[in-house]
Amino acid sequence: MRLTRMFIAMAALVFIGLPSVHAEEAFLNYKTYCMQCHGMHGKGDGVNVPAMNVLPRDHSDHKYMMTRTNTEIYKAIKFGGAAVNKSVKMPAWGDTFTEEELRQLVGHIRTLCCEKELIRGVNFK
């Protein structure tokens, strides 16, 4: 009985800790793969910007990002900008990330622009 309680408690801690682990993984993936163009805070001010003739999307632009669905953001990351009628300079990352990592990146991008909406439970489908 005591062992069962300890197992349940450990399982609950692991389950509760998973969202923060995923958030950290998404941040690290964004930092590694996206920051060069989109910048550390998603403002579209990465180190590659001076050499670009098409500016990267500002993920912190609340007004614009509220017009985009999670599916559109997911498609842009997975298949590249051209897949959503955006810049062909945005590469496709579908071969780099797992499906779960792609969804986590969408979630991270939402935190850059729309944290208040996430807290209120806005549906970004």
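Predicted model: local features only at pLDDT ≥ 70, side-chain atom pairs only at ≥ 80, totals over all residues.

**Entry 1: burial and overall layout.** I started with the meaning of the word buried: a residue counts as buried when its relative accessible area is under 20%. By that cut-off, 30% of the 125 residues of the chain are buried. I then went through the secondary structure and found 5 helices and 0 strands. Read from the N terminus, the order of elements is α-α-α-α-α. I also looked up how far along the sequence the contacts reach. Among contacts between residues at least 6 apart in sequence, 45% join residues at least 24 apart.

**Entry 2: the largest pocket.** How many residues line the largest pocket? I found 26 of them, and H38, R57, H59, A76 and M90 are the ones nearest the centre. The volume of this pocket comes to about 610 Å³. I wanted to know which helices take part in the lining. At least two residues each come from α2 (35–38), α3 (62–65) and α4 (70–79). The helix that gives the most is α4, with 4 residues. Sorted by class, the lining of the largest pocket holds 17 nonpolar, 4 polar and 5 charged residues.

**Entry 3: the second largest pocket.** I turned to the second largest pocket, which has about 190 Å³ of space. Its lining is made of 10 residues, and A23, R103, Q104, G107 and H108 lie nearest the centre. Which helices supply at least two residues each to this lining? They are α1 (2–33) and α5 (99–120). The largest share, 6 residues, is from α5. By class I noted 3 nonpolar, 5 polar and 2 charged residues here.

**Entry 4: H59.** I came back to H59, one of the residues nearest the centre of the largest pocket. H59 sits in the loop between α2 and α3. Is H59 buried or exposed? Its relative accessible area is 8%, which is under the 20% cut-off, so H59 counts as buried. Next I listed what H59 touches, leaving out residues up to four places away in sequence: Y30, H38, G42, M65, I109, L112 and C113. With Y30 there is also a polar contact from side chain to side chain, at 2.8 Å. I checked K43 too: K43 and H59 are 16 residues apart in sequence, and their C-alpha atoms are 5.8 Å apart in space.

**Entry 5: I109.** I109 was on the contact list of H59, and I followed it up. I109 belongs to helix α5. Its relative accessibility is 4%, so I109 is buried by the under 20% rule. Apart from neighbours within four places in sequence, I109 is in contact with Y30, H59, M65, I73 and I77. Y30 and M65 are also among the residues that H59 touches. I noted F27 as well: I109 and F27 are 82 residues apart in sequence, with 9.1 Å between their C-alpha atoms.

**Entry 6: the disulfide.** How many disulfides does the structure hold? There is 1. As a reminder to myself, a disulfide is a covalent bond between the sulfur atoms of two cysteines. Here the pair is C113 and C114, with 2.2 Å from S to S. The link between C113 and C114 is left-handed, with -90 degrees about the S-S bond. I looked up the burial of both partners. C113 is buried at 8% relative accessibility, and C114 is buried at 0%.

**Entry 7: C34 and C37.** As for accessibility, C34 is buried at 11%, whereas C37 is partly exposed at 23%.

Notes
Residues numbered from 1 in each chain as written. Heavy atoms only, no water. 1 Å grid on protein atoms, 1.4 Å probe; cavity = no way out; pocket = protein on both sides within 12 Å on 5 of 7 lines; lining within 4 Å. Points joined across faces, edges and corners; volume = space filled by probe spheres on them. Nonpolar A, V, L, I, M, F, W, Y, C, P; charged D, E, K, R; others polar. Buried < 20%, exposed > 50% of the residue type's maximum accessible area, 1.4 Å probe, protein only. Contact = heavy atoms within 4.5 Å. Polar contact = N/O pair within 3.5 Å; in protein donor to acceptor, adjacent residues only side chain to side chain. Disulfide = S-S within 2.5 Å.
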